[in-house]
Amino acid sequence: MRKLTFGMNLSLDGYIAAPGDDLGWSVPSDELFQWWSDRVGATGLALYGRRLWETMSSHWPTADQRPGATPAEVEFARRWRDMPKVVFSSTTSAVDWNTRLVTGDAVTEITRLKAEDGGPMDIGGATLAAAAARAGLIDEYVLVTAPVLLGSGTPFFTALDNWVNLTLTETRTFPGGVLLTRYETRR
């Protein structure tokens, strides 16, 4: 069975995007960027909701070809393109870059994917991750918390039907006071 992880950058008050999907507050240090790049390199399958897919696919497919792209950006772009991806959307009509589109029930498909053999899966996008969390499908939560308060925006966590008990498995501090915490779901 595959492991499913929900991990994103978030503000101290729990938002993954400021109003208007503004991500300007979450620019990673070189060290944190490398950590995310290594994570993408180790991911067997990435699951994206439509909005996060649109954000990622508008930049990373050609980021390595842009003037001034750093070696780290070139590496991330290559890893991102090569990583198998599934996009869950009822409004998107086409995807590219080693990606498959699912228009049906996300929970059913994620359950099926978890039961397959293969490497670990990452899930991204607040709405998609919320559905997986409510269904009890997320095995690990990775919070990369920036020392900023946004006041509102898109929350990392959503309303749940039941408590989810977690076990802390890692903490790590990055430059700028960014704190990574990893939690496994206790079953």
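A word on the model: it is predicted, so local features need pLDDT of at least 70 and side-chain atom pairs count only at pLDDT 80 or more, while totals for chains, interfaces and linings use all residues. Residues are numbered from 1 along each chain as its sequence is written, and side-chain values use heavy atoms, with hydrogens and water left out.

Buried means under 20% relative accessible area, exposed over 50%, and partly exposed in between, with a 1.4 Å probe and protein chains only. Phenylalanine 157 is partly exposed at 43%. Phe156 and Phe157 belong to one aromatic cluster with Phe6 and Tyr141.

Now the aromatic pairs: the whole structure has 13 of them. Rings of Phe, Tyr and Trp (its six-membered ring) pair if their centres lie within 6.5 Å; planes under 30 degrees apart are stacked, over 60 edge-to-face, and the rest tilted. Tryptophan 53 and tryptophan 80 are stacked, 5.6 Å centre to centre with 25° between the planes. Tryptophan 53 lies in helix 2 and tryptophan 80 in helix 3, so this pair ties together parts 27 residues apart in sequence. Helices here are DSSP runs (H or I, at least four residues), numbered from the N terminus. Tryptophan 53 is buried at 4%, and tryptophan 80 is buried at 0%.

One last thing to look at: the charged end of lysine 85 sits over the ring of tryptophan 80, 4.4 Å from its centre. That label requires NZ of Lys or CZ of Arg within 6 Å of the ring centre and within 35 degrees of the ring normal. Thanks, all!

Notes:
Helices (H or I, at least four residues) and strands (E, at least two) are DSSP runs, numbered from the N terminus.
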